[in-house]
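Reader: I am new to this structure. Could you take me through a few of its parts?

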There are 2 protein chains.
Amino acid sequence: MASPVRARPAGVGRNPESPLPSVPGASQEEIRRQNLGAVLRYVHLHGPTSRAELTSRLGLNRSTIGALAADLVASGLVTEEAPTTARRAGRPSLVVSPRSDRVYARALSIDADRLRAARVGLGGRILDLREVARPGGMTAVDAVGPLADLVRDMERSVAADALLVGGAVAVTDTTCEADGSIRIAGVDESLGVALEAEFVAGPGFVAGDLADIAGLAEHIRGVAAGIDDLIYLHGDLGISAGIIVDGRLVIGHRGHSGKVGHMVVNPNGLLCGCGSRGCWETEIGEAALLRHAGRDPGDRAAVAEVLGAAAAGDRTARQAVEQVADWLGFGVANLVNVVNPDAVVFGGSLRDVFIAGADTVRSRLGAMPLPGSREHLRLEAAALGRDAVLIGAAELAFDKLLADPLNVGVTGQLGADDPA
Amino acid sequence: MASPVRARPAGVGRNPESPLPSVPGASQEEIRRQNLGAVLRYVHLHGPTSRAELTSRLGLNRSTIGALAADLVASGLVTEEAPTTARRAGRPSLVVSPRSDRVYARALSIDADRLRAARVGLGGRILDLREVARPGGMTAVDAVGPLADLVRDMERSVAADALLVGGAVAVTDTTCEADGSIRIAGVDESLGVALEAEFVAGPGFVAGDLADIAGLAEHIRGVAAGIDDLIYLHGDLGISAGIIVDGRLVIGHRGHSGKVGHMVVNPNGLLCGCGSRGCWETEIGEAALLRHAGRDPGDRAAVAEVLGAAAAGDRTARQAVEQVADWLGFGVANLVNVVNPDAVVFGGSLRDVFIAGADTVRSRLGAMPLPGSREHLRLEAAALGRDAVLIGAAELAFDKLLADPLNVGVTGQLGADDPA
């Protein structure tokens, strides 16, 4: 809320004393590494780009871009080719393209009721995707074995010179324990150990919350591209959020931010599995929609039916949607007053609920947040669908490569890494 | 909530495509500027520090530190002296100290019912402080004139070689409009124009929300020093928060983050001035405490009396405190589930409410947030008291100096800037 009068003061709010200031003289080698990363990141995000455009976009001179591109070609991360159609006279600028076919990451997802594994190529292209059901009661740790099988299966058909650069797994955030309490599922040491056992020869895995990772994907490649203050709201069995502030994911002190499903919105509401009463999840979760529509709250498949019936004019279904949409807007309004985002993106099963009840959601958001926060607010349906999680996980996995392209490229040989 | 298995992946969540990557080769001049800033920032935050300690803390070599210190001495920003007590044999390491007496910022605060101006020396020392009442109905813009008078008054006694490096103003965040709606007060263009008119010859002013700025002060120099994920909760006429995530202040898309007083916590509660029903402010604001205690809700002076009576065992007062503390814990629990902070700091009038009702607040926070977020949570009373706002404002003002010490130091001569 520090609204600068002249301009946002540089560095305000940054901890002035991060362990060591990032001062120590940047070496030539470090600068080269950063520049390589910048070029690779650019084509990773924007696709094939001419040297001329890279020169202007990155503020580096032509000969530097030429040398960097040559290094990236030599390590097999990009190709350089003459453009297929030269628009102007004179020698055309070479086009730098990410080698999506060769350089890839393993992206895994442990959803509420399914397990998915994908190979995602540099540039964010899903090259291959396998999926199995996640049986009820299977822990995140137990899911690692079946996921590894999917990966092995996919990698049988991978070319000999393919370059694996890392992997990441997205885990749906909460799980009900036997005692009824809700704890963070699996994103802990034991999951790390299990991943390491299966993928020991490969580059390290990172794990993250599913809503965080899907939000990151929408922020990088989806409907929120270019939006730096963002709440991505994910509906699944539960409700959670990926919150992006000033272009950075809010992780929280121990990685538990965004548990918005357990904000209490209705102190007189239903008892939640977490022990509180009236959690947002009890008002906007899939079970709430089904309950209002007179369906079995545990029958996830019926969610689509209820939304379809509402669209077709069924009165009970319509009222169920309205009731959920009203609480959806209510809770988002609270979040908007806390975070003042530029946009709220609705994903997972909340995407369809938002689309079905958009007027009701908008009506709440047109009234409840303070004017300063509601006036510029954008509400968006997620664009990447079910792929968001895998694309986001791949972005996590690519991060190390993009920070230091030549180093990671050399070590990630598939040959040395094949778990079979 | 992305809880990394191995380690927090570097750069995760950072927008991979901030306008231009910060790659372009850092020049020698830039590196020197950064290093000067690092040395000055270190002594600004930690006080007098030996060259030897600076060498080890900043990871720079001895001769570099010597040269940087000499530059800072030459521009009058620090002094270098032999330590008063040499502990070891051999030539003692010179001690670098900020020139708090000479280098200062103007820190202004527009509180709900008072206006304050301070001169804060480098190192965060309040050198001089003036205060007047803010009459009811005075806008933030109208407050600039009286604040300028306070500044002029203070600066009459300033030494001829004093170096003014900037100023900042903290503004209490919301104000009731005539129509009952609540809008952000004054932190807008017109305030900027008014500040410029009064302080035109001086370095630019930045303005920010009072809770943000007080939170920043607690984060930099107060009870939350070293804590990078923090909610600072400020009670005044209203309730707002300064939210710090990963060491950075959450500003929000348009600077309106932290309006937590208008989260609706009790849908069946009282009508709030903002038009919603059951805003957190209606349950934990000063007026709520006074109402429960059977006092005039508008009589701010009675808040201390109620708290005193509660401490002395008065039953009605005690129950009023409990009721407010319960809702205080309730709302904080919601915020904790959203942000997963390391600590929550209670400031302004909420500091005393928290202290009086700590058991009740803790009881809510021991049950409501999910285990992952509540297990490590620290609850703290603010340490800097009323000075927090002025110290925080000075930090904003010092930021430019610390980013580029020699440049700012040269231009901020008081002689050229005296508004008289």
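Author: What follows covers a strand, some aromatic rings and one arginine. This is a predicted model, in which local features need pLDDT of at least 70, side-chain atom pairs count only at pLDDT 80 or more, and totals for chains, interfaces and linings use all residues. Residues are numbered from 1 along each chain as its sequence is written, chains are lettered from A and ligands numbered from 1 in the order in which they are written, and side-chain values use heavy atoms, with hydrogens and water left out.

Reader: Let us start with strand S5 of chain B. How many of its residues are buried?

Author: Seven of the eight residues in S5(B), residues 114-121, are buried, so the strand is largely enclosed by the rest of the structure. Buried means under 20% relative accessible area, exposed over 50%, and partly exposed in between, with a 1.4 Å probe and protein chains only. Strands (E, at least two residues) and helices (H or I, at least four) are DSSP runs numbered from the N terminus.

Reader: And which strands does S5(B) pair with?

Author: S4(B), residues 103-110, pairs with S5(B) in the antiparallel sense over seven bridges; pairing requires that DSSP finds at least two bridges between two strands. Leu108(B) stands opposite Ala117(B) there. S6(B), residues 125-133, also runs antiparallel to S5(B), joined by eight bridges, and Val132(B) in S6(B) is the bridge partner of Leu115(B).

Reader: What is in the turn between S5(B) and S6(B)?

Author: The two strands form a hairpin with three residues between them, and Gly123(B) in the turn has a positive phi of about 100°.

Reader: Now the aromatics. How many pairs are there over all chains?

Author: There are four aromatic pairs over all chains, counting rings of Phe, Tyr and Trp (its six-membered ring) with centres within 6.5 Å; planes under 30 degrees apart count as stacked, over 60 as edge-to-face and the rest as tilted. Phe346(B) and Phe354(B) are stacked, because their ring centres are 4.2 Å apart and their planes lie at 10°.

Reader: Is Phe346(B) buried or exposed?

Author: Phe346(B) is buried, at 0% relative accessibility, and Phe354(B) is buried too, at 4%.

Reader: Last topic: where is Arg277(A)?

Author: Arg277(A) is in the loop between strand S13 (248-249) and helix H7 (280-284) of chain A. Its relative accessibility is 43%, so Arg277(A) counts as partly exposed. A polar atom of its side chain lies 2.9 Å from the backbone oxygen of Gly269(A).

Definitions and conventions: A polar contact is a pair of N or O atoms within 3.5 Å; within protein, one must be able to donate a hydrogen and the other to accept it, and residues adjacent in sequence count only if both atoms are side-chain atoms.
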